[in-house]
Structure formats: C-alpha cells, structure tokens
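Open the model in your viewer and keep the selection tool ready. Each stop tells you what to pick and what is there.

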Amino acid sequence: MKKKLVLDAVMVVLLFVAIAYVATGNFLHECVGVLAVVLFVAHNVVNRWWHRAIFSGKYATLRIVSLVANVALALAVVIVAATGVMLSRDLFPFVPSGGGLTAREIHTTVANWLFVLVPVHIGLHAKMLLGFFRANRLSKPCSIAIVVAASVVGVWGIYSFVRRDFVGKLSAENSFDMFALSEPAWRFFLDYFCLAVALVLVGAILQKAALSLPKKRPQQ
C-alpha cells in the first residue's frame with residue numbers, strides 16, 4: 001500500500017512540474033512527460049486486478065463513475081503523450097512533426113483536463129485513503145486538523161479555478177495561458193496546489209454521494 005502511494009505521489013509531483021512549461025523549459029518538460037507516462041504504465045501494472053475485473057460483477061453508481069473517470073483519464077494520457085511526441089524538439093526529433101498549432105492546442109487543452117481528472121480520480125479513492133490514515137492511527141485532533149486545512153485550501157482552489165479561467169482552459173478558449181513569466185513561481189504552484197486539493201474534495205464528495213444512493217433491490 002505504501003509503495004503504491006509513493007508511486008502515485010511521484011506521479012502527482014511530475015504533473016505539477018509538467019504544467020510549469022515556461023519555468024522548466026522544453027527539455028525538462030519532455031523528460032518529465034516521458035517519466036510520467038512510464039509511471040502511469042507502472043501504476044496500471046500494479047493495479048492490473050482492476051482491469052481484470054472490468055467485465056465481472058455488478059455496476060453500482062460509484063463503480064460506473066469510477067469507470068468513466070478512469071477511461072477519461074487514460075484517454076487524456078494517451079492524447080497528451082501522442083501530441084507531445086508530435087511536438088517534441090529534444091527527445092523525439094526523429095518523429096515527423098505535424099499538426100502545428102492545432103496539435104499544440106490539443107496537447108495543452110487535454111493536459112488541463114488531465115490536471116482536473118487526476119485529483120478527481122484520487123478523491124474517488126477517498127475511502128481507501130482514509131482507511132490508510134486510520135491504519136496508521138492518526139489522532140482525532142490530527143484528523144480534524146487535516147480536514148479543516150483541506151477545506152480552507154479547497155476554498156482557495158475554487159478561487160484559483162475562477163481567477164485562472166479554467167473554464168476557458170478546458171474549453172480550448174484559453175488553453176495556452178498556464179504560467180506567466182510576470183508572476184512568481186510560488187504563486188503559480190500555490191494556486192495549482194489549492195486547485196488540486198479542491199478537485200480531490202470534489203472526487204471525495206462524488207464518492208460519498210454515490211455510496212449514499214439507495215441500492216436497487218432485486219425484483220422478486
């Protein structure tokens with residue numbers, strides 16, 4: 001369990017580094033992207049039991065929501081990776097480039113969706129994460145402090161979602177505007193961290209709502 005969490009945590013850190021393209025430069029951006037894709041494959045290998053169980057068992061509301069989120073996340077990774085290779089100038093210069101600005105717009109727009117889907121995916125596993133914290137015997141005051149801190153950060157994340165026009169980013173109207181050279185790097189990462197926490201909370205709320213729905217009783 002701990003190894004899985006470390007793997008997932010590294011993937012999240014790489015996602016934050018990848019979105020700061022202007023700050024990192026093209027070469028590091030491509031290296032981080034390749035490593036993130038490799039870890040994504042490793043994540044799926046580690047959780048291969050999920051793939052084997054797709055066509056077995058009943059589909060309750062939470063399982064349907066999780067399946068849709070996972071499929072959307074996988075498609076986003078494939079699209080970002082494919083367009084990234086097309087746009088590559090350092091690691092894959094031998095690959096014929098194509099698409100121009102269209103490929104770049106698709107790459108950045110889907111990358112924004114990826115930034116939304118990853119925290120939501122984490123939030124949909126909130127019950128499992130809470131179980132991990134309980135297993136490590138966190139004190140009640142510590143647990144309350146984490147919830148309160150997450151809520152405060154989540155509110156800032158909602159503000160960041162509006163301030164950074166994420167609706168425009170997700171609809172490809174403003175997809176190229178991610179990191180401005182005029183703003184401090186700490187402000188950029190703070191906004192995106194808070195936004196990620198807010199989206200994790202959205203996923204957790206979706207999980208709780210799906211679990212609270214009454215189950216259909218079999219007809220007699």
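**Stop 1: helices α5 and α6**

Select helix α5 (residues 61-87) and α6; their axes come within 8 Å and cross at roughly 145°. Axes here are lines fitted to C-alpha atoms, for helices over the stretch in contact, and angles run from 0 to 180 degrees between N-to-C directions. Helices are DSSP runs of H or I with at least four residues, strands are runs of E with at least two, and both are numbered from the N terminus. This is a predicted model: local features need pLDDT of at least 70, side-chain atom pairs count only at pLDDT 80 or more, and totals for chains, interfaces and linings use all residues. Residues are numbered from 1 along each chain as its sequence is written, and side-chain values use heavy atoms, with hydrogens and water left out.

The crossing of α5 and α6 is left-handed. That term applies if the near helix is turned anticlockwise from the far one by less than a right angle; clockwise is right-handed. Now show the side chains. From α5, the contact includes L73, V77 and V80. From α6, it includes V110, L114 and H121. Contact means heavy atoms within 4.5 Å. The residues of this α5 and α6 contact divide into 15 nonpolar, six polar and one charged. Nonpolar covers Ala, Val, Leu, Ile, Met, Phe, Trp, Tyr, Cys and Pro; charged covers Asp, Glu, Lys and Arg; the others, Gly among them, are polar.

**Stop 2**

Angles under 35 degrees count as roughly parallel, over 145 as roughly antiparallel, 65 to 115 as roughly perpendicular and the rest as oblique. The crossing of α6 and α10 is right-handed. Color F115, P119 and I122 in α6, which are among the residues that meet α10. On the α10 side, pick out Y192, L199 and Q207, among others. The contact of α6 with α10 has 12 nonpolar residues, three polar and no charged.

**Stop 3**

Select helix α8 (residues 140-163) with α10: the axes come within 7 Å and cross at roughly 110°. Therefore α8 is roughly perpendicular to α10. The crossing of α8 and α10 is left-handed. Look for W156, F161 and R163 of α8, among the residues in the contact. From α10, the contact includes R187, D191 and F193. The residues of the α8 and α10 contact divide into 13 nonpolar, four polar and three charged.

**Stop 4: a loop residue**

Go to D165, in the loop between α8 and α9 (166-170). Most residues other than glycine have a negative phi. D165 is not a glycine, yet has a positive phi of about 50°. Is D165 buried or partly exposed? D165 is partly exposed, with a relative accessible area of 33%. Buried means under 20% relative accessible area, exposed over 50%, and partly exposed in between (1.4 Å probe, protein chains only).

**Stop 5: helix α3**

Select α3 and find H29, L39 and F40, which are among its buried residues. L28 is also in α3. L28 is partly exposed, at 41% relative accessibility. Draw a distance from the C-alpha atom of L28 to that of D90: 9.5 Å, for residues 62 apart along the chain.

**Last stop: the whole chain**

Zoom out. The protein chain has 10 helices and zero strands. Buried residues make up 32% of its 220 residues.
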